Amino acid sequence: MKWNKMGRGTVASILSFALVSVTACSRDYTLAYVYVTTAKPLTSSSPNGGINAYAVDFQIGSLTPLADSPIPAGRNPLTLVASPNGLNLYVVNHDDSTIGEYAIGTDGKIYLQNTYNVTGSNATSIAMDAAGAFLYVTFQYQLGPQGQQLYSTASPGPGGVTIFPINKDGSLGAAVANTTVGTTTSRNYVPVGNTPVGIVVSRPRCEPAASYNAGNPTCTLTDGSGSGLQTVFAYVIDQETPTTPKAALLSFSQNMSTGVLTPTPGTTITTDATGKTVAAGFGAGTTPSAIAEDPSSRFVYVTDQAQNVLFGNTTNADGSLTPMINNQFPTGIFPVGVTVDPRGKFLYVANFSSGTVGAYTIDQNSGNATGAITSASTATGTGPTCVTIEPALGIYLYTSNNLEGDVSAMQLAPQNGTLKQVQNTPFPSGALPTCAVAVANGSHPTQIIVE
């Protein structure tokens, strides 16, 4: 087709399309947003930490701070999670025992909406179900009937899990009551063992109808044998105490309508003669530090910061766990963070004392983790704590480097999971960064970007 044979309407249409494409390309040059919590107070007049916000460059994965970054948080913001729809961010303020709810704008900027009290003291970790319907927050110490402090570092005791329902606007409802797990009276938390430090909630999978998924929505079994019920599990790691090393991995089934957690076979929660909660579950090494599950909800992984290993478990139909064969996979020194890529093919561990990210491939049949080709470990800044992967394309990985005060950025190869540092990494953050999470910008996974 020759240009001189086109009508004015055709030319105008082409020019209009070109302008729209250029505009869209400019708007979508930001692939995702990364949010990093920092523990050091933002000002000398306030004890509150902050949240650094960055835009992710589509082409190379580099980070550019947003105009209003850092954003105030509570005291010692420890970790955070984003809603599945990318509209809200929830920050754990450890020393305040609160959750900060932030709205995420179309430009990635975040705005504090509400702050909620956790139903225990010293909030430690956070997770959300795939439906974005319930928020789960672990805390270190249970409180007394009148909200009084029962335990402390000098006199440690059991912790718990607060369950918040999430409203359509992202706000949180009143904590879900618990009348059955480890108690005969109504409590606004699920009691667990000493020092719970991590929690993960699985994606729904279809299982035959049973007591652990009763009341959940129906689904079609993958083997074509008929209908079943959607099934969701939650897993909590208890460090316990240095004087009683009984670290445990606890397993619960979720009621998808109410958010209530019920122990699965292999997990027991009771009360001793003094009234303290005693929790027993599956092996979690000596000092478990982080937990992750693959997207298929078949494999659960736990890092042990004392033994420098990664433990692997397969999930059974009822949510109980079976250790993988040769389930102890070596890590770097003092592993404290772990994540699985969105494809479920690769796993990455943040090794605090080694200053590295360890890369592993996941065997799709057994779940065994083996070092990725040429990338058993890749250097980060000093003291990496959390590791996150942007969900838009799933090719850029970020670590919060606690001792260095910055964020390392890497690109992963979808073919084999190997890592390479991106241009200009690391990127400055506030002091004492504690964790990081990434949120996609718009609908990048379904867009065609014109360069």
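This is a predicted model: local features need pLDDT of at least 70, side-chain atom pairs count only at pLDDT 80 or more; totals for chains, interfaces and linings use all residues.
Visitor: What makes the link of cysteine 206 to cysteine 219 a disulfide?

Guide: The sulfur atoms of cysteine 206 and cysteine 219 are 2.0 Å apart. A disulfide here is a pair of cysteine sulfur atoms within 2.5 Å, so 2.0 Å qualifies.

Visitor: Is the link of cysteine 206 and cysteine 219 right-handed or left-handed?

Guide: Right-handed, with 95 degrees about the S-S bond. Cysteine 206 sits in strand 14 (residues 205-207) and cysteine 219 in strand 15 (residues 218-220), so the bond ties together parts 13 residues apart in sequence. Strands are DSSP runs of E, at least two residues long, numbered from the N terminus.

Visitor: How many disulfides does the rule give?

Guide: The count is 2. Cysteine 386 belongs to strand 32 (residues 384-389) and cysteine 435 to strand 37, so parts 49 residues apart in sequence are tied together.

Visitor: Which pairing do the bonded cysteines show in sequence order?

Guide: The pairing is 1-2, 3-4. As for burial, cysteine 206 and cysteine 219 are buried. Cysteine 386 and cysteine 435 are both buried too. Buried means under 20% relative accessible area, exposed means over 50%, and partly exposed lies in between (1.4 Å probe, protein chains only).

Visitor: What makes aspartate 96 and arginine 75 a salt bridge?

Guide: Their closest N and O atoms are 2.5 Å apart. The rule asks for a side-chain nitrogen of Lys or Arg within 4 Å of a carboxyl oxygen of Asp or Glu, so the pair passes. Aspartate 96 is in the loop between strand 6 (88-93) and strand 7 (98-104), while arginine 75 is in strand 4 (residues 71-75), so the bridge ties together parts 21 residues apart in sequence. Aspartate 96, at 27% relative accessibility, counts as partly exposed. Arginine 75, at 33%, is also partly exposed.

Visitor: How many salt bridges does the structure hold?

Guide: It holds 3. Arginine 205 meets glutamate 207 at 2.9 Å, N to O. Arginine 343 meets aspartate 341 at 3.4 Å. Both distances are within 4 Å, so both pairs qualify.

Visitor: Why is arginine 205 called buried?

Guide: Its relative accessible area is 14%. That is under 20%, so the label is buried. Glutamate 207, at 14%, is buried as well. In the other pair, arginine 343 has 33% and is partly exposed. Aspartate 341 has 0% and is buried.

Visitor: What is the order of the 4 strands in the open sheet?

Guide: The order is 23-24-25-26, with antiparallel pairing.

Visitor: What makes strand 23 and strand 26 edge strands?

Guide: Strand 23 (288-293) and strand 26 (321-330) each pair on one side only. The twist averages 20 degrees from one strand to the next. The axes behind such angles are lines fitted to C-alpha atoms, and angles run from 0 to 180 degrees between N-to-C directions. Strand 23 is joined to strand 24 (residues 299-304) by 5 bridges. One of the bridged residues is proline 288, whose partner in strand 24 is aspartate 304.

Visitor: Is asparagine 313 buried or exposed?

Guide: Buried: its relative accessible area is 3%. Asparagine 313 lies in strand 25 (residues 309-315). Its contacts (heavy atoms within 4.5 Å) include Leu249, Phe299, Val300 and Met324, leaving aside residues up to four places away in sequence.

Definitions and conventions: Residues are numbered from 1 along each chain as its sequence is written. Side-chain values use heavy atoms; hydrogens and water are left out. Two strands pair if DSSP finds at least two bridges between them.
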